[in-house]
Amino acid sequence: MTPATELRDQLLHHWGIAPETRSSFLSPTIEDLMGLLPPQGDRCLERLRTAGKRREKVIVYGDTDIDGCMGTAIMMRALTLIGAHPIPAFGVGNPAAGPGVRWESLEPGLHEGASLVLTVDCAVRDPEIERKLLEKGVDLWMTDHHPYPPNICAPAVNCCEEGAHFPSLCGAGISLRLALHLFPKESPSSTTDDALAVAMLATLGDAVPLVGENRSIVLLGVEALARTEHSGLLSLRPNTVSISEEGLLALRRKMIAPLNAAPRFGDVESPLSFFLESDPPAHSATSQRLIAHNRRRQRRMKSLLTRIGTPKKPKEGRIGLFFSPQLPAEFVSQVAGRLVFQMGVPFIAFGRASKGLLRGSCRSLDGLPLRDSAIEALGSLAIDIGGHPLAFGITVKESDWNEVEKRLSPLSPSVPPPMERGLEVPFLPPSEILVVQESLGPFGPGFRRPYYSLEGARVIEGGKALLWRGESHPLVLRGSDDEVPLMGRLIPRGSQLQIYAVPSP
Ligand SMILES: [Mn+2]
């Protein structure tokens, strides 16, 4: 065994990758994404196949972000291929109103004669809507990855549900999992490839943990993007496509940010036609629009940050809490994300939404789930809380703000215990360590790059601080093979390196 394979095997072992799952971890195949469906998945597929056979009109109702739009686009492609007539619908026009299907957005499709509503990355939250659909004889199926509202009886494929074999798919990930069973056998391989590529963008954009099936989606999606001939994907694709740190950053800048910006400004047509349009000239106009939305979003963000100022850093061990009446509801998640990045602690940012409501967004750090403690602390003051444990939205009444602040500010994230032991690995030339490490990516939320430290260094404190910051600190191992710069020190060749790797959940 070479030192490089020894290092790789130690990392895989440390992450709990059993020998029998090693090949799907290292080089997944499409079959890895066609296994056991989340609960109710088979029933949902059956209903969609019937819609195809009967040539039904189907409202596909998506959330207004990259995840919702790409998930909707994948579902529309699949439904069209099996003979149904999909009609897209979104809750655009009022980003402050929060998640959930709105009646007025369903009406156009219902007038056209739709007999089925399929939600993507969102759900019906108002029982009145469910009742009205029932009355009209229109079926409702929901696909979502946010906690399922308990007051709705319609069936759902939701990977938060108990018994779901993989709880962390994003909305487009669920769409992809279902669509792979709907695409006709005779479709060209590009059908699957292009769906994989946009599901990959949504998976990265929605910041779900890069473990299990999400990891497979990203690995396969990046490969698919690299070989695609889809003119929409080509129109935004960065020059080099890879899972390296720089590669993922380029995907974020060139593809994910523009696709996420457009729906925030009410333009859902551009992300949909980006995927569904087959005419190359149309694609260049679409990509120009997407890029323009992204520029506008960056400009607005910049002026917003100057206007709202920088909130003060929270007390040690506390989360950050921020409300500014000047902060529009559609920017709360970006502001929260930026504050987390700047201060290294979880942050909840509130802005003003419509009708006396405040919309908040919490962004936490790996290993510091906050959603459930926020639900508990707010009790009935929360009009709505939805999202992942590490990234979720909150809606409250503005008149309750003082009480909301009082209840949320004592929240302190429970810091995970520092890792007691690292891995002892054979000393390798730095460039080889990097090659081994990067061959095990993609790294991101839920699956961070390994941390390195020297035996005898203050690794536990260091490890704790790094985890708390939630940032990856890849060791820069460039230059001479004789000395390795590490946490501001030079480590002589022949030292024993210890690798601290965050185990996957
Ligand atoms: Mn989502």
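Biologist: Which residues does Leu-201 touch, not counting residues up to four places away in sequence?

Modeller: In this predicted model, Leu-201 touches Ile-66, Met-70, Leu-251, Met-255, Ile-256 and Leu-259.

Biologist: And how many residues has the largest nonpolar core?

Modeller: That core has 82 residues. Leu-201 and Met-70 are among those with the most contacts inside it, as are Val-58, Ile-74, Val-198, Ala-199 and Met-200. A second, separate core has 30 residues, including Leu-327, Val-335, Val-345 and Ala-374.

Biologist: Turning to the sheet, in what order do the strands come?

Modeller: Five strands form an open sheet, ordered β2-β1-β3-β4-β5, with parallel pairing. Strands β2 (85–90) and β5 (156–158) each have a single partner strand, so one side of each lacks a neighbour in the sheet. From one strand to the next, the twist averages 15°.

Biologist: How many bridges join β4 to β5?

Modeller: Three bridges join β5 to β4, which comprises residues 139–144. Within this part of the sheet, Thr-143 stands opposite Val-157 of β5.

Biologist: Which strands does helix α3 touch?

Modeller: Helix α3 (residues 41–53) packs on the sheet and touches β1 (57–62), β3 (116–120), β4 and β5. The direction of α3 makes about 130° with that of β4.

Biologist: One more topic: what span should helix α1 have, at 1.5 Å a residue?

Modeller: The twelve residues of α1 (residues 3–14) should span 16 Å, and the end C-alpha atoms are 16 Å apart, which agrees. Just after α1, Gly-16 takes a positive phi of about 75°.

Definitions and conventions:
Residues are numbered from 1 along each chain as its sequence is written. This is a predicted model: local features need pLDDT of at least 70, side-chain atom pairs count only at pLDDT 80 or more; totals for chains, interfaces and linings use all residues. Two strands pair if DSSP finds at least two bridges between them. Helices (H or I, at least four residues) and strands (E, at least two) are DSSP runs, numbered from the N terminus. Axes are lines fitted to C-alpha atoms, for helices over the stretch in contact, and angles run from 0 to 180 degrees between N-to-C directions. Two residues are in contact if their C-beta atoms, placed from the backbone, lie within 7 Å. A nonpolar core is a set of buried Ala, Val, Leu, Ile, Met, Phe, Trp, Tyr and Cys residues joined through C-beta atoms within 7 Å. A residue is buried if 20 or more other C-beta atoms lie within 10 Å of its own, exposed if 12 or fewer, and partly exposed in between; C-beta atoms are placed from the backbone. The expected span of a helix is 1.5 Å times one less than its number of residues.
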